[in-house]
Amino acid sequence: MTNQNALTRPAPHTHSHPHPHGDDHGHDHAHEHPPAKADAHAHAHAEDACCGGASHGPIPLASPEPADVPKGALLFRIPTMDCAVEESDIRRALEPIAGVKALRFRLGERTMAITTDEGVLPEALAAIRKAGFKPEPLNAAGGPASGSQAAPAPAQIAGMSAGLVRLIAALVLAIAAESISFLALDGLGFKAAEVILALGAIGLAGLDTYKKGFAALVRGRLNINALMAVAVTGAFVIGQWPEAAMVMALYAIAELIEARAVDRARNAIQSLLALAPEQAEVKQADGTWQTVMANAVELNAIARIRPGERVPLDGIVTAGISAIDQAPVTGESIPVDKTIGDPVFAGTINQTAALEFRVTAVAANTTLARIIHAVEEAQGSRAPTQRFVDKFAAIYTPTVFVLALAVAVLTPLFMDWTWMQAIYKALVLLVIACPCALVISTPVTVVSALAAAARRGILIKGGTYLEEARKLKAVALDKTGTITEGKPKLVESVLIDTSGNEAVVYAIAASIAGRSDHPVSKAIVQGLKGQQEEVADFTALPGRGVQGTLAGQSYVLGNHRLIEERGLCTPALEAELKRHEEAGRTVTLLASGQAVLALFAVADTIKESSQAAVAELRALGVVPVMLTGDNAATAKTIGAHAGIDDVRGNLLPEEKLGAIKAMQERYGAVAMTGDGINDAPALAQADIGFAMGGAGTDTAMEAADVVIMNDDLRRIPETIRLSRRAHAVLWQNITLALGIKGVFFVLAVFGSATMWMAVFADMGASLLVVANGLRLMRAPRQSDR
């Protein structure tokens, strides 16, 4: 692959979207995209719509790149910062502090990089603590090493275990309080025990919720922590002590379970980091081999891998021949043979023999690391459905809050309810006002789909393109390197002088062609695979071919013009030449001084996957169209073999661009697939641009929205199918979340729903949508293909 650096190079236009609440500290969110599709990346925050413990919103998946942590910034871990809402809380807390120069967040890692003027940091940290968060210093400027994912520290693991024990203890106390209430045990001692047990459960499970909830209420914000704080406090005030304890314990446990479930989506990409080994065997200056850390290996070092080992870094093979399983990077199911001069990628698996290779990318910049970073960046631009859900949730929560107030205040006046009944029902509504399941439903689904695509060698640069791919009505395909292999291949050999020995004639042709470095000559040598003999007096004939002597006999290997100039053409030969030329083949002729001995037809052959890909596109109702700069005869022949009816040849780059515009007017949503510089304008104009990553140029990779890592055209219909599945799951999750909310809303007002039942239902809905979203990471059923 020649374009490895394109995965993270800035696209032609980079737009920055400041935070919508007067964010003047320089902490913006930049999204990369081609100019034609700038409007597809409108950025939105889920301001008041996120759960307090699970991780929602865009979910970055790996440690920061050095560029993401500004020079001079300090890195802090904030354990309770789980979603975009809490990021927004921190931003708001820091807005009044003029000395805060820049902020960068990684929600997946729960880290914040902050740059401040001298002496301002203590004030900034105090403001963050006042907002209910506990920043923990990690290191000085720079942050974690790029491309590395540190394992959780023992103290962190111990902390998580202690937290689980604490929540279980809270649940036990809540159950004990609920049992006393259920058994209706009278007496002052039992009542006191009920209150003490309830307070103990709330203290163990809800202190963090109370801190963040009251901090949000002070700032006039209604997030889930504020709702839970009000609901639990209200229940306690009206004498529902066991209920208050049970609600807080169940809520805290639900948040813990949700956080673990959402981590599965994060880890889907993060786990790719483990594919590249941490150590590499590197050749030293004295010729010995030494095992060192992979992130310490420098460019151009010589590394060695044995059979069965994973490749630690990107490189070019310098010694050995082996088969490499490239599935982790390109999604190819069949191992690829590698020899001297071939590239190898970090994370792939050496299978048959030892290889030595020259390192071409440091650990932080390998193809695998850039794949992870590219998917990570894709989370920054929210998909259309996710933006819709965020906006809806921001309206939903305050609306239900107002309805709860109305139930508490108005129903005793206009309905036959007591004040205690009305207040209790209002508190149940406050719990229902939590939009956890709704908000978490979209990012988990999108991340799961992006992870599934990356595992298959499909890099989708944002949730927008994941969703939009299902709308495609036509796909424009470049010919060379996209439908075809992009390199000449001997497709037919014809013995013209039938009196000669075929094996001898072909050996002469192979021997002469073997002395030339022309691509056509190389294709002939590779196609004939005969034993080559010594060639004397080898001479290049510019624009015509080559000449050489074998066993005292002079031969030429050249084109039609050379044979005509030598007067060796016959009507039969002309007819044979015309047949091949009309098929778009390059014809080379072997001749002695007296006659033409053999004809060799070389052509750019169609990929094995192209016919299947075109058939799959048709089955999906998508029209395939070929756009190529090659001559019309060749294009028509290739198109016929691939099964494409609409073939357009002799197109200049601007004509390809015009063809895409015309297709958009005719069909609607159109994709462009290409690998060359001349494809970049069309890639940018198309609704979705697919770049063939294995052989594509940097420019095409930058302009594209989806990169096919292994040049397999079947990945395009696969992307469309994945998009359709993701869209279906998104709306299944939204329906589930809103449906369960609707049922409990009715039960809360007109039935007998309790607060702990509402929390239990909310937890169940959240786990349902998470589990449903995670289904996308599994291989699709045959019926989905």
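**Figure 1. Helices α4 and α5 cross in this predicted model.** Helix α4 covers residues 188-218, and helix α5 covers residues 224-237. Their axes come within 7 Å and cross at roughly 140°. Two packed helices are described by the angle between their axes and the distance between the axes.

**Figure 2. Residues at the contact of α4 with α5.** From α4 come Val195, Ala198, Leu199, Ile202, Thr209, Tyr210, Lys212, Gly213, Phe214, Ala216 and Leu217. From α5 come Asn225, Ala226, Met228, Ala229, Val230, Val232, Thr233 and Phe236. By class, the contact has 14 nonpolar, four polar and one charged residues.

Figure 3. The buried residues of α5 are Ile224, Asn225, Ala226, Leu227, Met228, Ala229, Ala231, Val232, Gly234 and Ala235. At 1.5 Å a residue, the 14 residues of α5 should span 20 Å. The end C-alpha atoms of α5 are 20 Å apart, which agrees. Just after α5, Gly239 takes a positive phi of about 90°.

**Figure 4. Asp537 in strand β19.** Strand β19 runs over residues 536-541. Asp537 is not a glycine, yet it has a positive phi of about 55°. Its relative accessibility is 61%, so Asp537 counts as exposed.

**Figure 5. Ala551 in a loop between two strands.** The loop joins β20 (545-550) and β21 (553-558). Ala551 has a positive phi of about 50°, although it is not a glycine. Exposed means over 50% relative accessible area. Ala551 has 88%, so it is exposed.

**Figure 6. Ile644 and the residues it touches.** Ile644 lies in the loop between α19 (632-642) and β25 (646-648). Buried means under 20% relative accessible area. At 4%, Ile644 therefore counts as buried. Leaving aside residues up to four places away in sequence, Ile644 touches Leu477, Ile483, Val614, Arg618, Pro624, Val625, Met626 and Gly639. Take Met626 from that list. Ile644 and Met626 are 18 residues apart in sequence. In space, their C-alpha atoms are 7.1 Å apart.

How values were computed: Residues numbered from 1 in each chain as written. Predicted model: local features only at pLDDT ≥ 70, side-chain atom pairs only at ≥ 80, totals over all residues. Heavy atoms only, no water. Axes fitted to C-alpha atoms, helices over the stretch in contact; angles between N-to-C directions. Helix = DSSP H or I, 4+ residues; strand = E, 2+ residues; numbered from the N terminus. Contact = heavy atoms within 4.5 Å. Nonpolar A, V, L, I, M, F, W, Y, C, P; charged D, E, K, R; others polar. Expected span 1.5 Å × (residues − 1). Buried < 20%, exposed > 50% of the residue type's maximum accessible area, 1.4 Å probe, protein only.
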